[in-house]
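Please keep in mind throughout that the model is predicted.

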Amino acid sequence: MRSLTAGPPKKKAAKTSPGPAVQLSIVCDADTLRSLVRKKAVRVVDVRKADDYKQDHIPTAVSLPLARVLENDTPEKIVGILEELGVSDKTPVVVYDDTFGALAARVAWTFQYVGHTSAALLEMTFKQWKELRLETEKQARIFPRAKHSLNVNKNIYADAPYVEAAKSQPGKLLVDSRERLNFLTEHIPGAKNIPYTMVGSNGRILRKAEELKRFIENRGIASNAEVITYCGSVGTLSGLTYYALRLAGFQNVRLYSKSFKEWKALGKPKEEFKDATYWDLSAE
Amino acid sequence: MKKSRVATVNPRQKGVSPPKPNPKWGREEETEVFAKKVKLFRQGKISEDDFRRFRLQHGAYGSRLHMDYSMVRIKVPGGEITPDQIEKIASLSEAFSIGSAHVSTRQNIQLHWVQLEDVSEIMRGLVETGLTTREACGNTIRNVMCSHFAGVCPNEEFDATPYSMAIARFFLRNPMCQNLPRKFKINFACCDQHGLVRVADIGLVPATKEENGAKVRGFKIYLGGGLGAASFIGHLLEDFTPEGRVLATCMATVRLFDRHGNRENMARNRMRYLVHEMGWEKFQKMALKERSIVEMTTSYSTAQLFDVKSQEDTRQLPKAPRMAKLPMLNEQVTKDSPANERWLHTNVVPQKQEGYFTVFITLGAGDITASQLRVLASAIRDYSAEGVARNTPQQNFAVRYVRGTELRDFYEKLASVGLANPGALTIASAVGCSGTTSCNLAITNSHRLAKEVQRKFLELGLDTDDSLRDATIKISGCPNSCGQHEIATIGFFGGATRVNNSMTPTYTMLFGGSAGEQGELAKAAMRVPAKRVIDTILKVIELYRQQRSASETLHHWVVNITKGRGTAGIKDLEGLKAALAEVIQLPAPEQDPDAYMDYGSDSRFSAKTARGECAA
């Protein structure tokens, strides 16, 4: 196991000394994170279950299980959580999980939604971190309370009325992040399917930007389109797709965080495909 | 970061050969062209007909009643597939398909419900590991098949594999076969038992001949066979075709078909119809004459493109330890035997190479999940001395060159992901095409039915009854024979029939078909409602057990009946039909509405089909 303190300082992340901390966005690689941890210049957020965190976690990480974020579903409460975790407006945050990045994405998006501007996803899951024999610790971390402002970022959020209106507006596109067979079964009318399984690969929660760009380009989606992502229930899979699209260069992406679960509960229209017994192919 | 990652070194390198080189069937530039054409098609700049032809030439079929999705057919020449390729297919199926892959009846591997816009990405991934989808569909020479026993079969004259690969390479992207009247299929056997040589446009069986005191290699070549709405058994061209004339014979046949094949009537334009309409003797004369012309006019450099030597596996495979005693292979098992013993008995056969065994992986109608594929790849690396596997026309995988001493470990590894089901080499391993799960032409869900047959038969332990072992069940979802129902002991093809005034999924049941060099087509007997198929087969087995003569297997009993040589109780097909009349009856629709629905469906049955794409 490699030590956090030993070794020379790492390349790019090393020149962050003066002024406000580094500006993180979308994905943070492991070396950058390790360097930030060494310099105590980052808040690492572990969104796995509390018990998993207790077993071991990335050094200096605090525990914030996704369930707690979902239970505290108002911007005010989320800001309260940030402050409790010792995150100020300027603290860079790196979020990780053990669920191919989907839970981390949902939490990072939530931070961004309440106005935090420097949050990123760790490029890999905790399992992969451990497979690489990178440092972990057992010690539960608590930091002094910090002050964080509330500045709701409405531009990255969509609710059901917004989605419904978007369907008829040119330049707006609805993306369903669920797996292909779920999508074929039923989806919001007009939605295009980019399964979450497409966006990660080979131990990285997100593929390289140029690959993601090519996938989108293949689909003939204009890079200046506004894209709204949704998935099955609470916006985790679609949270990951939200970041994939951002990484591919889309400026205007929104998350319909209540997703298809709410859409169905509201009795909104659905598109279904019943002409094939495709489920029988799935080798379950 | 990359540098810190631990290199994945296989710790169990004991005596396993170095990996086979990347076969490079695929080409990167074709993926780019495909992506571009999709965009042009979506922009309306290419007509639907032109695009369809192009798409099929590159191995992407339209999916059932939903043309935005494709079935991507990956060619696996000779069925030979490397662990790297299997892992790549696993990742591609997760990223762009439905998280599982489907082994076809012609040694292809298919990915279903792929968005048309993602097909080029699948092609790109395949190229990395040397696979291609080029000419997997369309009016071209399709995947060249080779018996999965070739090279290990105790009865073969020599290994046909390098010949099949050389033929596949010669014709792939060859201008002479890019626009044939219809698709064209070439199958190689290892011996007279294994291989689909009589039901292909060209079927080749290895043979040798003494000439001037030396043993000469060659083939027995069959022409004009094929399965479909109307099926024909291929004809033997000549007693012996020396290996030096194999290429010219194939080229001549393709040229004849290209020139004389029917380009008007799509329903009757496979070469077998040409042979049938012209008459075999005339076609045979033309083929032999055309071969002379080919031999006179083919340039040396063209002929050199058929390079068998370069396709030979020159690696020295290690010797396996001698087995003092065969593990269970020849002993009796029952359904209560330990799972490992039952598996050994029904899935493992010895090779001609002493100490080595070929192990079959039982799949359900050819389906395998991405995570199973990964374990399979790892198992091949660990336990197959040749370091590759082959997929089989029975929709399973064959892993060869497994040491007898390691069968137990191999079994444990497969069992950990549900890949160690028994029955691969028995009646329980039912074949089923994709049916209404993805095919435009399908009327019934043959795919699910084949899985249900397998599940039921394994539950009943029918795989352990050696008298049933050489019998086969094969099911197609329409008359077009992708499920190869006509070479089954008991075959079925799907249709729709009004029963008790209610539209019902039904299957036409056929008896007495077989593959191999003496292969014969099955004879259609009667229609059976989909939900009565399993009980009807079980009834056939019950009748067989009551009436068989001492050593008669189920297959022979059925064949004898189809030839009118049955026993007193059931003399012929009419007798068998009468004995089954009761079991095929359905209760009234009000009593049991489910009996009138198809497998995998909970709504009323209706036969929906769209244009087939077998012919571009």
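**Notes on chain B**

1. In chain B, helix 1 (residues 28–42) and helix 2 (residues 48–57) have axes that come within 11 Å of each other and cross at roughly 160°. Because angles over 145 degrees count as roughly antiparallel, helix 1 of chain B is described as roughly antiparallel to helix 2 of chain B. The crossing of helix 1 of chain B and helix 2 of chain B is left-handed.

2. As for the residues that form this contact, helix 1 of chain B contributes B:Val33, B:Phe34, B:Lys37, B:Val38 and B:Phe41, which meet B:Glu48, B:Phe51, B:Phe54 and B:Arg55 of helix 2 of chain B. By residue class, the contact of helix 1 of chain B with helix 2 of chain B comprises six nonpolar and three charged residues, with no polar ones.

3. Turning to the strands, strand 7 (residues 186–188) of chain B runs parallel to strand 8 (residues 202–211) of chain B, and three bridges join them. Within this part of the chain, B:Phe188 stands opposite B:Leu204, a residue of strand 8 of chain B.

4. Strand 8 of chain B is also joined to strand 9 (residues 214–223) of chain B, here by 10 bridges and in an antiparallel arrangement. B:Glu210 stands opposite B:Lys215, which lies in strand 9 of chain B.

5. Which residue takes a positive phi in the hairpin of strand 8 of chain B and strand 9 of chain B? The hairpin has two residues between the strands, and B:Asn212 takes the positive phi, near 50°.

Notes. Residues are numbered from 1 along each chain as its sequence is written. Chains are lettered from A and ligands numbered from 1 in the order in which they are written. This is a predicted model: local features need pLDDT of at least 70, side-chain atom pairs count only at pLDDT 80 or more; totals for chains, interfaces and linings use all residues. Side-chain values use heavy atoms; hydrogens and water are left out. Axes are lines fitted to C-alpha atoms, for helices over the stretch in contact, and angles run from 0 to 180 degrees between N-to-C directions. Helices (H or I, at least four residues) and strands (E, at least two) are DSSP runs, numbered from the N terminus. Angles under 35 degrees count as roughly parallel, over 145 as roughly antiparallel, 65 to 115 as roughly perpendicular and the rest as oblique. A crossing is left-handed if the near helix is turned anticlockwise from the far one by less than a right angle, and right-handed if clockwise. Contact means heavy atoms within 4.5 Å. Ala, Val, Leu, Ile, Met, Phe, Trp, Tyr, Cys and Pro count as nonpolar, Asp, Glu, Lys and Arg as charged, and the others, Gly among them, as polar. Two strands pair if DSSP finds at least two bridges between them.
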